Amino acid sequence: MHELPLLIFTLFLQGSVGITLWLAFRHTTLTPGNDLRRSLLPVAAGAFVMAGLGLMASALHMGYPLNAFNALRHVGSSWLSREIVFASLYLAALGLATLLLFTGKPGWKTLLILAAVLGLVDVFCMAQIYMHTSVVTWQHVNTLVLFISTVVILGSVVVSLVFQARRAVIYAVALIALFVLLRLLIQPLWLADVTAAGNAVVTYAHQPLAMLAQLRGVHLFSQCISVAGMLCFAAGGLKRANGLMVTGCALLIAGEIMLRFVFFCIG
């Protein structure tokens, strides 16, 4: 699959942003106050490494990575340029926050909040890149919903597995259920809109619609995996059954990978 670097990039960066959002805005629910800095440090470092690996994968996709610097000249008109800028700023802010956590210096909370905001803006820019292409299956708000839901789901899964704090798990259950259901609700609208657009305008490329028809079963199975993961995660988290919760986390991650695979295959 020639889009594998982009699959890795989008999943890793969005997962990193999800983790950073938790660390920035819900860190008090994750760990006792006395151990806060020491507990958050490895998770922040992990989020930084995830984002770095994702950016490295995206550079491989460009064929000639140094061309990324040329893209920066079009920030005012190009979503790709904006995405590169905000991804770089996100990585820098997260890296500095991690360094302050490591050294015990103040300011890491502010930098985590800044990194979280920059990360969300970057994910929005990332979605706009695909929504403004000529690919009919991507030109829909479903793309933005898919990317934001991945941020929430992967971030919630990671912090729940690492910290297992009761309040954090309850918040994670609610967030994951909300975004899995939101994604399900938007699917009929997305399918109807892309089919109508493909039939109405002859200049649209029909290959994405043909690929979508071929992968309809895989797409449906991916959604079922996500729903099963949500239910297992919710049951395990609320009943404090660690085995069931871990199973739910594994299914949710598998669902995100499969949905992203379908996303790039139908493009």
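Right-handed here means that the near helix is turned clockwise from the far one by less than a right angle, and left-handed means anticlockwise. Helices are DSSP runs of H or I with at least four residues, strands are runs of E with at least two, and both are numbered from the N terminus.

Before I go on, a word on the source: this is a predicted model, where local features need pLDDT of at least 70, side-chain atom pairs count only at pLDDT 80 or more, and totals for chains, interfaces and linings use all residues. Residues are numbered from 1 along each chain as its sequence is written, and side-chain values use heavy atoms, with hydrogens and water left out.

Back to our pair. The axes of α1 (residues 4-25) and α10 come within 10 Å and cross at roughly 135°. That makes α1 oblique to α10. The axes are lines fitted to C-alpha atoms, for helices over the stretch in contact, and angles run from 0 to 180 degrees between N-to-C directions. Under 35 degrees counts as roughly parallel, over 145 as roughly antiparallel, 65 to 115 as roughly perpendicular, and the rest as oblique.

Who meets whom here? From α1 we have L6, L7, T10, L11 and Q14, and they meet E256, I257, R260, F261 and F264 of α10. Contact means heavy atoms within 4.5 Å. By class, the residues of this contact are six nonpolar, two polar and two charged. Nonpolar covers Ala, Val, Leu, Ile, Met, Phe, Trp, Tyr, Cys and Pro, charged covers Asp, Glu, Lys and Arg, and the others, Gly among them, are polar.

Now to another partner of α10. Helix α9 (residues 216-239) and helix α10 (residues 242-265) have axes that come within 7 Å and cross at roughly 155°. That makes α9 roughly antiparallel to α10. Their contact has 17 nonpolar, nine polar and one charged residues, and the crossing is left-handed.

M258 sits in α10. Leaving out residues up to four places away in sequence, M258 touches V218, F221, S222 and I225. From M258 to V218 is 40 residues in sequence, but 8.0 Å in space, C-alpha to C-alpha. Is M258 buried, partly exposed or exposed? With 23% relative accessibility, M258 counts as partly exposed; the cut-offs are under 20% for buried and over 50% for exposed, with partly exposed in between, using a 1.4 Å probe and protein chains only.

The loop between α9 and α10 holds R240. R240 is not a glycine, yet its phi is positive, near 60°. At 60% relative accessibility, R240 is exposed. Q164 also has a positive phi, about 55°, without being a glycine. Q164 lies in the loop between α6 and α7 (166-200), and is partly exposed at 40%.

For a buried residue, look at T143 in α6 (residues 141-163), which has 0% relative accessibility. A polar atom of the T143 side chain lies 2.9 Å from the backbone oxygen of W138. Apart from neighbours within four places in sequence, T143 is in contact with A127, Y130, M131, W138 and F263.

Finally, the whole protein. How many helices and strands are there? The count is 10 helices and zero strands. Of the 267 residues, 49% count as buried. Among contacts between residues at least 6 apart in sequence, 76% join residues at least 24 apart.

Methods. A polar contact is a pair of N or O atoms within 3.5 Å; within protein, one must be able to donate a hydrogen and the other to accept it, and residues adjacent in sequence count only if both atoms are side-chain atoms.
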